Amino acid sequence: MDSPEDLFYLKQFVKQHPDNQMGWYLLGKQYLLAGKEGKANYCFLQAGEVYDAFEHESHPLSENHLQMLREWGSRQKKKRLVRRTAALAALLLLVAVLVPANGAMNNNKDLELPPDAQDYSLPLGIVLVPQKELNPIGSAWNRLVAAGNEAPQFTIAARLEADKGWRKWIGNTRLLMSVEKDNGNGKLNVKMFDRLACSCEPSDTAEATARYMDWREQQETHWTLASAVYQYEKKYKKWPERLDDLIQPYPNNVIAGEREGMQAMFPLVLKKLKNVRPGQSGGASGLTNEEGSQPAAEKDNASKPSTNTIVGSNGILDREWSRPLTIVVDKSTHSLAVVQGDIIVRSYQVGLGGKETPEGSFYISEKVKNPNGREDGDFGSRGMTLSNTLYAIHGTDEPSSLGKDDSLGCVRMGKADVEELYDMVPLGTVVHIKNGTLPTEQQIPAERFRLEPRQNETNPAKVYKWLT
């Protein structure tokens, strides 16, 4: 037996039959296979004569074993307490001991956060665990403990679908666990949702799924708003004082309008970003994939902003939460993606110009609606100039050219795609044009991201001559 189900069964068996030495012996073998030597030794000691018979020798800890184990554990605990990871180790041990068959913690044996984590500022937190983490539950606890006094009231750990080193925002997301803080005593109620991650019978995910989906819808608004605040400060060397500062007529239209809830979000987003970048005046954001390193095609012209807080303005527990949205164009796959760190938020098919489309790093220096006064002209209904050049990301009146190299160098997009992109990314957004960077699959939601326009973003005084 070597499956998580076997381990779960044996744990339940020895709970019901604590005097069965064979059960303890088999459980110890399972823990040994899982690399948990300390737990294996404890089980072997409980197995007593059965261990001696099957291993043809007494266990090396057999004499005074319980006292020795207690003394050893005490010494190790004292050593770990001087390090911050002690909290993580204690929490993980309690999870392993206290999670029963239904995946929920016993009410009378809840976990407790360390003293500096007794306060929280947000009702919901989200930990998105990368695929590289072999122990996803441990990684999630590590994030929660690192959040300290910012730890939210209710935290959900989830894992996004991965593809070629990127995580997919629109894809198969697995919920791993939820952690709810008790207001009265600071204890935690933990529920496990993933059988493979916890070796348990999972709890019902209905409540956590509903809360995650609500958070997910709001997170896109937070990404756009936080990116706009970041780009405004970078452009004007000062922080915006109100949302209206970001929503100005052309050519100062940092974002194209407002979305439900954005006005209420603005003060917290601004406060969080000021805390992350006190006294800074911008800097291009680098890209990293989920393996913790930059994709080979994204390493140039990337600088990583410093962070002082792990909890983002919408409760995401990630030290990279404050990175602004970035655009990546992959010439080999004719794809354009909106990314945040290593997460692909959107991915569209685009038309390019082959060798005529330059590779390198640019930024959106201008955003205009209905270029040359037409919604159905050569440039479609939206245009975004790249670094004050004749290259741009714009719509097209030739939708059949998408996925091909028919342009003179610009990036062509379908009408619905370019309008969503225009609303999602602010003025100043960095654009990387590379080769062999993105997955081929498009990521387009059932409901598009939209901002309600509040200003004039046309420019009738200029005739645009982008290299369409």
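Trainee: How many cavities of 30 Å³ or more does the count give, and what makes a space a cavity?

Mentor: The count comes to 3 cavities of 30 Å³ or more. A cavity is a set of points, on a 1 Å grid over the protein atoms alone, where a 1.4 Å probe fits but cannot get out. Rolling a probe the size of a water molecule over the atoms shows where empty space is left. This is a predicted model, in which local features need pLDDT of at least 70, side-chain atom pairs count only at pLDDT 80 or more, and totals for chains, interfaces and linings use all residues. Residues are numbered from 1 along each chain as its sequence is written, and side-chain values use heavy atoms, with hydrogens and water left out.

Trainee: What is the volume of the largest cavity, and which residues line it?

Mentor: The volume of the largest cavity is about 70 Å³; a volume is the space filled by probe spheres set on the grid points, which are joined across faces, edges and corners. A lining residue has an atom within 4 Å of a point, and the residues of this lining are Q219, H222, W223, A226, S227, G312, S313, N314, I316, W321 and R323. The lining divides into 4 nonpolar, 6 polar and 1 charged. Here Ala, Val, Leu, Ile, Met, Phe, Trp, Tyr, Cys and Pro count as nonpolar, Asp, Glu, Lys and Arg as charged, and the others, Gly among them, as polar.

Trainee: What makes up the chain as a whole?

Mentor: The chain has 11 helices and 15 strands; helices (H or I, at least four residues) and strands (E, at least two) are DSSP runs, numbered from the N terminus. Of its 468 residues, 52% are buried, where buried means under 20% relative accessible area, exposed over 50%, and partly exposed in between (1.4 Å probe, protein chains only).

Trainee: Why is the pair of Y212 and W215 called tilted?

Mentor: The structure holds 6 aromatic pairs. In the pair of Y212 and W215, the rings are 5.7 Å apart centre to centre, with 35 degrees between the planes. Rings of Phe, Tyr and Trp (its six-membered ring) pair if their centres lie within 6.5 Å; planes under 30 degrees apart count as stacked, over 60 as edge-to-face and the rest as tilted, and therefore this pair is tilted. Both residues are buried. They are 3 residues apart in helix α9 (residues 206–236), which means that about one helical turn separates them. Y212 and W215 also belong to one aromatic cluster with W169 and W223.

Trainee: Why is the pair of Y464 and W466 also called tilted?

Mentor: The centres of Y464 and W466 are 4.7 Å apart and the planes make 40 degrees, which places the pair in the tilted class. Y464, at 3% relative accessible area, is buried, and W466, at 6%, is buried as well.

Trainee: How do you know whether K237 is buried or exposed?

Mentor: The relative accessibility of K237 is 55%, so the residue counts as exposed. K237 is in the loop between α9 and α10, and has a positive phi of about 60 degrees although it is not a glycine. Most residues other than glycine have a negative phi, and most peptide bonds are trans. The loop between α9 and α10 (262–276) also holds P251, and a cis peptide bond with omega of about 10 degrees joins Y250 and P251.

Trainee: What makes N370 buried, exposed or partly exposed?

Mentor: N370 has 26% relative accessibility, so N370 counts as partly exposed. N370 is placed in the loop between β11 (360–369) and β12 (382–386), and its phi is positive, about 45 degrees, although N370 is not a glycine.

Trainee: How do you know which residues K369 is in contact with?

Mentor: Contact means heavy atoms within 4.5 Å. Leaving aside neighbours within four places in sequence, K369 is in contact with S381, R382, Y422, P453, E457 and T458. K369 is in strand β11 and is buried, with a relative accessible area of 13%.

Trainee: What makes M384 buried or exposed?

Mentor: M384 has a relative accessible area of 0%, and so is buried. M384 lies in strand β12; among the residues it touches, not counting those up to four places away in sequence, are I364, L421, Y422 and W466. The C-alpha atoms of M384 and Y422, 38 residues apart along the chain, are separated by 7.7 Å.

How values were computed
On a 1 Å grid over the protein atoms alone, a cavity is a set of points where a 1.4 Å probe fits but cannot get out, and a pocket is an open set with protein on both sides within 12 Å along at least five of seven lines; lining residues have an atom within 4 Å of a point.
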